[in-house]
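Take a look at it first, and then we'll go through a few parts together.

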Amino acid sequence: MENEGKVDFTKQVDAKEPEKKCKCKDKFLEELFKTYQPIKDNLIQMLNEIQDHYGYVPMDVQKELSEFLKVPMAEVYGVVTFYSRFTLKPKGKYSISVCLGTACYVKGAQKIMDRLQERLKIGEGETTEDGKYSIEAQRCVGACGLAPVFTVNGKVYGKATVKLLDSVLDELETSN
Amino acid sequence: MEKSLVNLTIDGKAVQAEQGISILEAARKAGIDIPTLCFLKDINEVGDCRVCLVQIEGRRGFATSCIQKVEEGMVVHTNTEEVLEARKVVLDLIISNHKVDCLTCVRSGSCELQTLAKQFNMTDIEFAGVRNEHEIDDLSPSIVRDFSKCILCRRCVATCKKVQGVGAIDTINRGFESCVSTVENKSLNDVNCTFCGQCIQNCPTGALREKDSTGEVWRKLRDPETYVIAQTAPAVRAALGEEFGMEVGTNVTGKMVAGLKKLGFDKVFDTNTGADFTIMEEANEFIERVQENGVLPMITSCSPGWVKYIEMNYPELLPHVSSCKSPHEMFGALLKTYYAKKEGLDPSKIFVVSVMPCIAKKFERQRTEMKNDGLFDVDSVITTRELARMIKQANINFISLEDSEFDNPMGEATGAAAIFGTTGGVMEAALRTAQDTLTGEDLKKINFEAVRGGEGIKRAAVNIAGKEIKVVAASGLANAQKILEEIKSGTADYQFVEIMACPGGCIMGGGQPIKTSKERLDKDIRKLRADCLYSIDEKSTIRKSHENPVVKKIYEEFLEKPGSYRAHKLLHTKYQEREKYNF
């Protein structure tokens, strides 16, 4: 009874933390953490690999990366949301990008972007619920001579019009 | 090695400056003031806001003087028509995306943006356009974030990351959508924030502020059924006067007590008395750990921001943390047990208000561990700033208040408790009691100079009862992290560690009067406030916690002895591993 409620502070603890096991979600991340040194400078390069592998940068992976590099998660998230190359959501089966670079914009690319959003009922940077389509805005794909330009999974459609976009979407619609 | 000097001209004045310093610094040393906004010496020197821009002859455009280094032969103009116009445009752009609700903003009067707007005679906003609208985050018990007042100076980001080593907030998104926020824009409640409030101290506007608790305190003060008791932390008396235009470091204990009584508190007690209990328990715990081969080094637990930090970041080291509650919690527990019984009060009708320099105390107060018989030890926490606001609201002329004294029988406190408010103070107070306890004598050498001063980490070896004890006092969480890494790697050769979350200790806490970046350049705020506490200690007749008659009496009548069953039940607590991110 006498010692009840008393905090036991005499219990010795091992000063050294047991080797932290990687709570990694998969082999890929495990390998990635073996390949790179845990230094801040590697942040962007590692994010690049993560984006390529998963098609986006999942939140739990950002958490793991933050622990691994000893970089606050807010900073990791800040970098991910700064660069348009990194996305927080998986892209659709058909990733459609409209170039909004200067040349394309002047040639009316915004109309194509508006039509695309209207038809797919999603905004820029979003993916349709069925995972089929996603929309992105791009800054110059290096084909200004063909302006305005949009791409579907990397395939370029030049001298684009709303009509061309409609026909491409109609085709995708029937192709599953 | 002496740094070489360069010669330059600033506003026609020949100036010699150390190589490597900025134009801003060189100008200030030469008595030429350049306005700044995002600049925080040594913490945020990024040239972000462009308010400090100047002209350099032979160069196109403007240079940001906070990051542009001085060069030999440079001719700088800080005050030309072009410069002043350019600064005005910069300000106009900043204000165009700022929620201008100055009349109802808590920072009105202490806002650096407001001051600049006045200085630049901003009578109209030319670039009024689309404004960023953001939801206010007021879910945490301590901090409110209103991003629509943020000017993206990043002072808070730099403070959180560099000074505190936490990184709860950062700049996210891009372009017009850029904002200072957390991961996924979560509430600070759900991320790795420690609620230290240093971000508030460094925010030039009202984008970051404390969660205001004055409303609930007013309600209780007006409720005749409730017995409202105030207790005040040591650091409050060293800074409260600043809110009323008094010199930094003025001791306003008497006026503070008088003010609280005028506000209608039934009793006004001193948290310092609680601090004396903390010392009794902590010194006893330390001696027990040493004698019983317990976990060493032992680390102090008075700073709730620090406790949350270790719970989130180094849970494996929690056995090192003293099980002592912080002083105001100990005191609250005694008020609702010993004092209530003594005075014949119903503990459930007592409402304990802690006046603290700290906003993490608001979080600590509502931890489930801080309860006894279903009642919280402390019912509300207000900061130094909130108390000042209440005094102003009640139309009390603080400056002309006659000094008043703390109420008895719980109002007696020692000099040892007063210095709790500054880095190294808890350590010094504990050492005074530990050395007397171990030698059984009333030792006269009680000033431990080695743990005084403003350094972030202070190491000392002290001789106590013929035994050398190595101690460390660290303040600022980035410094705390260094100590924790030493303990973790097994290189720590010390036995007793004091950690305070805020750099400089409680006197520089997140709830203290806010000083502009310029005021902090001109004055050593930390030292002035610390000196105030050390002088209270010097003037005290009793300077050792174990000699406090109130402490002696309560141990005799109620607690029995330090570390007793009842002491553990009321005055000690437990910690828990905490997730950094709740998602």
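Two strands count as paired if DSSP finds at least two bridges between them. Helices (H or I, at least four residues) and strands (E, at least two) are DSSP runs, numbered from the N terminus. Keep in mind that this is a predicted model, where local features need pLDDT of at least 70, side-chain atom pairs count only at pLDDT 80 or more, and totals for chains, interfaces and linings use all residues. Residues are numbered from 1 along each chain as its sequence is written, while chains are lettered from A and ligands numbered from 1 in the order in which they are written.

Let's start with some strands in chain B. Strand E3 (residues 53–56) runs antiparallel to strand E4 (residues 63–64), and 2 bridges join them. B:Val54 has B:Ala63 as its bridge partner in E4(B). The hairpin made by E3(B) and E4(B) has 6 residues between the strands, and there B:Gly58 takes a positive phi near 85°. E3(B) also pairs with strand E5 (residues 75–77) of chain B, again antiparallel and over 2 bridges; here B:Ile56 stands opposite B:Val76.

Next comes B:Ala86, in helix H2 (residues 81–96) of chain B. B:Ala86 counts as partly exposed because it has 18 C-beta neighbours inside 10 Å. Leaving out residues up to four places away in sequence, B:Ala86 touches B:Leu53 and B:Phe62 (contact means C-beta atoms, placed from the backbone, within 7 Å).

Now move along to helix H19 (residues 549–559) of chain B, where B:Val550, B:Val551, B:Ile554 and B:Leu559 are buried. Seen down the helix axis, the buried residues of H19(B) fall within an arc of 95° (taken from the directions from the axis to the C-beta atoms), so they line one face. B:Pro549, B:Glu556 and B:Glu557 are exposed on the other side. Among what covers the buried residues of H19(B) are helices H9 (271–291) and H11 (327–343) of chain B.

Finally, the cores. A nonpolar core is a set of buried Ala, Val, Leu, Ile, Met, Phe, Trp, Tyr and Cys residues joined through C-beta atoms within 7 Å. The largest one has 173 residues, and B:Trp306 is among those with the most contacts inside it. A second, separate core of 16 residues includes A:Cys99 and A:Tyr133.

Definitions and conventions. Buried ≥ 20, exposed ≤ 12 C-beta atoms within 10 Å, placed from the backbone. Contact = placed C-beta atoms within 7 Å.
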